[in-house]
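Try each task on the structure before you read on.

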Amino acid sequence: MENTCTQGQIDDREGAADDGAMNEVISATPRRSARAFHKIRVQAQGRTHDRKKFKETCETVVVSAHGGLLLLKHEVDNGEMLVLTNPLTQEEQECRVVYLGEPVEKGQRVGVEFLTPAPRFWGVEFQEPNSSSSVN
């Protein structure tokens, strides 16, 4: 079936266009779990980009069941392994650095992904992604 719509002609029904480019735009940032802006102090330990061990107390910016965004003072490499400890529960989680923001005065924004999902690590209740909104 040929697409006869001109650019910009899209109706309000989700899934109405079966165009690969449109689907990419709709799901440009698919998430495995909900994210929450939540500040919590955690202890991070690992190795800096020059391979020196470090341990520091840092703050989260955004958290999810699969990881979070931290503000670290130590510079780390992408792919580096860290261990985070929640000081309230003493729970530890191993994670991998998956994003490095630009270093700023307060530190560097570092995105981490847990090796195994840990929805209760941050002390936040996450809602499951709503799959009913993508009904065709």
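**Exercise 1.** Which residue is the bridge partner of Glu59 in strand 4?

*Solution.* Start at Glu59 and step across to strand 4, where its bridge partner is Leu71. Next, look at the pairing as a whole: strand 3 (residues 53-64) and strand 4 run antiparallel to each other over five bridges. Two strands count as paired if DSSP finds at least two bridges between them. Finally, follow the chain: two residues link strand 3 to strand 4 in a hairpin. Strands here are DSSP runs of E with at least two residues, numbered from the N terminus.

A word on the model: it is predicted, with local features needing pLDDT of at least 70 and side-chain atom pairs pLDDT 80 or more, while totals for chains, interfaces and linings use all residues. Residues are numbered from 1 along each chain as its sequence is written, and side-chain values use heavy atoms, without hydrogens and water.

**Exercise 2.** Why is strand 4 largely enclosed by the rest of the structure?

*Solution.* Check its six residues, 67-72: five of them are buried, so the strand is largely enclosed. Buried means under 20% relative accessible area (1.4 Å probe, protein chains only). Then find its other pairing: strand 7 (residues 108-114) joins strand 4 through six bridges, antiparallel, with Gly67 opposite Glu113.

**Exercise 3.** Which residue in strand 3 stands opposite Val42?

*Solution.* Go across from Val42 and you reach Cys58. Strand 2 (residues 41-47) and strand 3 are antiparallel, joined by seven bridges. Now trace their hairpin: five residues lie between the two strands, and Arg51 in the turn has a positive phi of about 75°.

Technical notes. Buried means under 20% relative accessible area, exposed over 50%, partly exposed in between (1.4 Å probe, protein chains only). Helices (H or I, at least four residues) and strands (E, at least two) are DSSP runs, numbered from the N terminus.
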